[in-house]
Amino acid sequence: MSEAETLSREDQQYIWHPYTQMKLHPLAIPLVRGSGTLLYDPSGKAYIDAISSWWVNLHGHSHPHIAREIFKQASTLEHGIFAGFTHPQAIRLASRLLAILPPNQEKIFYTDDGSTAVEVALKMALQFWQLRGQPRRKVLALEHAYHGDTFGAMSLSARSLFTAAFSDYLFGVDFIPLPRNGIWEIPADLSPYGALILEPLVQGSGGMLMYEADLLEQLLIRCREASVLVIADEVMTGFGRTGRLFAMDHVAEKPDLICLSKGLTGGTMALGVTSCTASIYDAFLSSDRSRTLFHGHSYTANPIACAAANASLDLLLTGDCGRAIDRIGSRHGEFAEKIQGHPHFSNIRRKGTILAFDVVTPWPDDYSNPLRDQLYEFFIRRGILIRPLGNTLYLMPPYCITDGELNRVYQAIGELGEDLGKDSWALAGSIRP
Ligand SMILES: Cc1ncc(COP(=O)(O)O)c(C=O)c1O
């Protein structure tokens with residue numbers, strides 16, 4: 001048995017993987033090394049990580065600068081309780097984040113990941129209204145939203161295959177449909193609503209659905225006029241993915257709370273952040289302890305994770321990284337034009353470094369689309385990691401991806417376009433549009 005097979009079998013013996021029906025997909029591909037955009041299995045086979053490993057990686061795998069800073073921090077102070085104590089990496093990271101976040105953001109609260117960053121934002125918003133003695137108990141989210149897998153985050157997310165087993169336990173949220181013909185259908189009376197949460201410009205897990213900045217602006221203005229707190233969930237869109245540092249940089253109106261994770265550490269360590277305005281922070285200040293934000297995690301502001309985030313920011317804030325983001329955006333633009341009008345591809349869309357399109361199938365364009373596994377395998381066989389969302393294919397590469405690697409990915413998509421006409425794809429005999 002090869003080393004890869006041995007590892008896959010041992011994995012199967014001991015491990016239950018996320019989002020995986022273990023009966024259908026019991027064997028995982030072992031990864032033993034990463035460098036730049038490439039992930040390697042034990043035989044040396046390389047995979048181009050075209051999705052930044054669940055949208056986390058910014059500068060490439062095992063980046064030497066981040067690795068060095070992690071090592072330095074691990075050998076200096078690996079962890080310390082973050083209540084009653086603090087440390088230089090957390091302070092430096094908070095001040096650097098506040099310098100690049102929208103100017104109305106004043107405080108940083110540390111958490112563990114995207115879901116907990118969302119939980120904290122929601123708790124801050126709901127408790128804010130309680131502390132103000134104003135009964136704004138209702139919450140708004142967008143159709144097709146995804147904000148994480150903890151119960152609060154699930155409640156804020158679209159009801160779907162992912163949440164079905166727990167639907168009786170999720171609290172009620174009102175969902176605003178995505179704009180049709182440039183118009184939002186927003187409830188006429190927003191006064192009962194305490195908060196709106198949204199993924200600005202790109203809804204990731206919902207299918208890389210995109211809406212324009214002017215529509216986002218309209219929604220933010222309506223919320224501001226009605227004093228509804230806006231939570232921008234930039235867990236996926238943050239740190240350059242949409243072509244600017246944050247998706248909210250595409251609009252003038254600013255949110256009250258922002259959630260960050262994923263690219264925060266350049267894709268190396270789990271860390272989450274919720275930032276908020278002074279007015280939210282100030283509402284909790286009191287000599288009455290019941291007005292405390294009672295939330296925290298054992299690994300809150302872990303120094304190694306904060307060191308990784310500081311190291312990632314060192315790289316992100318260079319001109320080279322900005323140019324790489326622009327280069328990927330324009331390469332995607334050229335490729336999008338090339339496949340425009342392709343009979344097997346539809347709804348080609350692009351925002352910054354994210355390119356997405358749907359494969360035309362006779363089934364609904366959603367996560368349950370039966371072509372999904374075949375599409376995944378098609379790219380894996382070619383040494384490319386693309387994880388389709390149903391029949392939606394998307395690219396969201398690390399910023400270090402080379403033109404050669406991008407060409408290989410585009411070429412494989414071109415081959416898919418030709419291949420889809422063949423009988424091997426006639427999954428139900430009717431793949432052709
Ligand atoms: C917009 C958004 N919010 C929150 C999350 C949850 O983040 P995590 O998986 O780190 O809990 C995700 C994850 O994909 C996300 O895309």
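Helices (H or I, at least four residues) and strands (E, at least two) are DSSP runs, numbered from the N terminus. Residues are numbered from 1 along each chain as its sequence is written. The model is predicted: local features need pLDDT of at least 70, side-chain atom pairs count only at pLDDT 80 or more, and totals for chains, interfaces and linings use all residues.

A residue counts as near a molecule or strand if its C-beta atom, placed from the backbone, lies within 6 Å of it. Around the ligand there are 14 residues, of which Asp113, Gly114, Ser115, Gly148 and Val235 come nearest. Helix α5 (residues 114–131) contributes the most to this shell, with three residues. Sorted by class, the shell has four nonpolar, seven polar and three charged residues; Ala, Val, Leu, Ile, Met, Phe, Trp, Tyr, Cys and Pro count as nonpolar, Asp, Glu, Lys and Arg as charged, and the others, Gly among them, as polar.

Two strands are said to pair if DSSP finds at least two bridges between them. An open sheet of seven strands has the order β4-β12-β11-β10-β7-β5-β6, with mixed pairing. Because β4 (105–111) and β6 (174–176) stand at the edges with a single partner strand each, one side of each is left without a neighbour in the sheet. From one strand to the next, the twist averages 20 degrees; axes are lines fitted to C-alpha atoms, for helices over the stretch in contact, and angles run from 0 to 180 degrees between N-to-C directions. Strand β5 (residues 138–142) pairs with β6 in the parallel sense over three bridges, and alanine 141 stands opposite phenylalanine 175 in β6. Helix α5 packs on this sheet, touching β4, β7 (193–198), β10 (229–233), β11 (257–260) and β12 (272–277), and its direction makes about 25 degrees with that of β12. Contact here requires C-beta atoms, placed from the backbone, within 7 Å.

A second open sheet, with antiparallel pairing, has three strands in the order β13-β14-β16. Its edge strands, β13 (345–351) and β16, each pair on one side only. Five bridges join β13 to β14, with arginine 350 opposite leucine 355 in β14. Four bridges join β14 (residues 354–359) to β16, and alanine 356 stands opposite tyrosine 394 in β16. Helix α10 (residues 319–339) lies across β13, β14 and β16, running at about 165 degrees to β13.

Key. Two residues are in contact if their C-beta atoms, placed from the backbone, lie within 7 Å.
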